[in-house]
Amino acid sequence: MADTFGISSPLDKRGATIQAMFAGVAPRYDLLNHVLSASLDRLWRRRAAQALAAAPGARVLDLCCGTGDQALALARRGGQVVAGDFCIPMLALAEPKYERFAKRAGGPRPRGLAADALGLPFPTSFFEGATVAFGLRNVADLGLALAELHRVLRPLAPLVVLEFAVPTRQPLRGLYLFYFRRLLPAIGRWLSPRGSAYSYLPNSVLEFPQRQGLLEQMASAGFTDLDSRDLAAGAVCLYRCRRAQ
């Protein structure tokens, strides 16, 4: 069960609400990601691509792709990447990145596609791997999103998830919670006209099941070979599992 850290009521994660919020922050989304993570988000995304360990040419899904950075991390390792998100402004901002990648690398560029995590527009057993970077905590129905990921993956295909987490050890835990609850929303308001999204962000992390809690949800959706690994002293967690045979 998730530790709600004193959050008294569930967040509004209706599709229209989340779409509008991310559309509003899209123009400065990359800047805020890099500033708020001290640019470590690039390293975390590379780690996720490495953990997926998809063979060159494998067809892989990056769900909740945002502005495309995780999809590019997969493409650099030779994957045929489908990058899905239901926020159209985010997908639009990803397109120039994909074009620049294709020109520099000469390989296949990620293919951006409008896709809702709760009803993926792909056939069963279509992908040889999938990633979700900092997106699962935003879906309205986590169990259904995991079930959809399970459906579109081939048997034994890996799923890798990156999500924020709360460090378990003091004093880092206390410092992290202070930063998340006090400083991060203030920085978001300063850098973005839609800074309210950066009040939502810490609450969405604190409400979300972490470590064993998320692994249990993955197991309930039919995944096996469950594993989690802390990054950044526990501020981020990398989860890996496979669709069962």
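Tutor: Happy to! Strands are DSSP runs of at least two residues, numbered from the N terminus. Keep in mind that this is a predicted model. Let's begin with Glu163, which sits in strand S5, residues 158-164.

Student: Is Glu163 buried or exposed?

Tutor: Buried means under 20% relative accessible area. Glu163 has a relative accessible area of 1%, so this residue is buried.

Student: What lies around Glu163?

Tutor: Leaving aside neighbours within four places in sequence, Glu163 is in contact with several residues, including Phe134, Gly135, Phe208 and Tyr239. A polar atom of the Glu163 side chain is 3.2 Å from the backbone nitrogen of Gly135.

Student: And how do I read salt bridges?

Tutor: Here is the general idea: side chains of opposite charge can pair when their charged atoms come close. In the whole structure, a search finds 9 salt bridges. One of them joins Arg154 and Glu128, at 3.9 Å from N to O. This pair links distant parts of the chain, 26 residues apart.

Student: How many residues apart are Arg151 and Glu148 in helix H6?

Tutor: They are 3 residues apart, so about one helical turn separates them. Their closest N and O atoms are 2.9 Å apart in a salt bridge. Arg151 is partly exposed at 23% relative accessibility, whereas Glu148 is buried at 12%.

Student: Which residues are linked in a network of salt bridges?

Tutor: Look for Asp30, Asp69 and Lys97, which salt bridges link into a network.

Key: Residues numbered from 1 in each chain as written. Predicted model: local features only at pLDDT ≥ 70, side-chain atom pairs only at ≥ 80, totals over all residues. Heavy atoms only, no water. Helix = DSSP H or I, 4+ residues; strand = E, 2+ residues; numbered from the N terminus. Buried < 20%, exposed > 50% of the residue type's maximum accessible area, 1.4 Å probe, protein only. Polar contact = N/O pair within 3.5 Å; in protein donor to acceptor, adjacent residues only side chain to side chain. Contact = heavy atoms within 4.5 Å. Salt bridge = Lys/Arg side-chain N within 4 Å of Asp/Glu carboxyl O.
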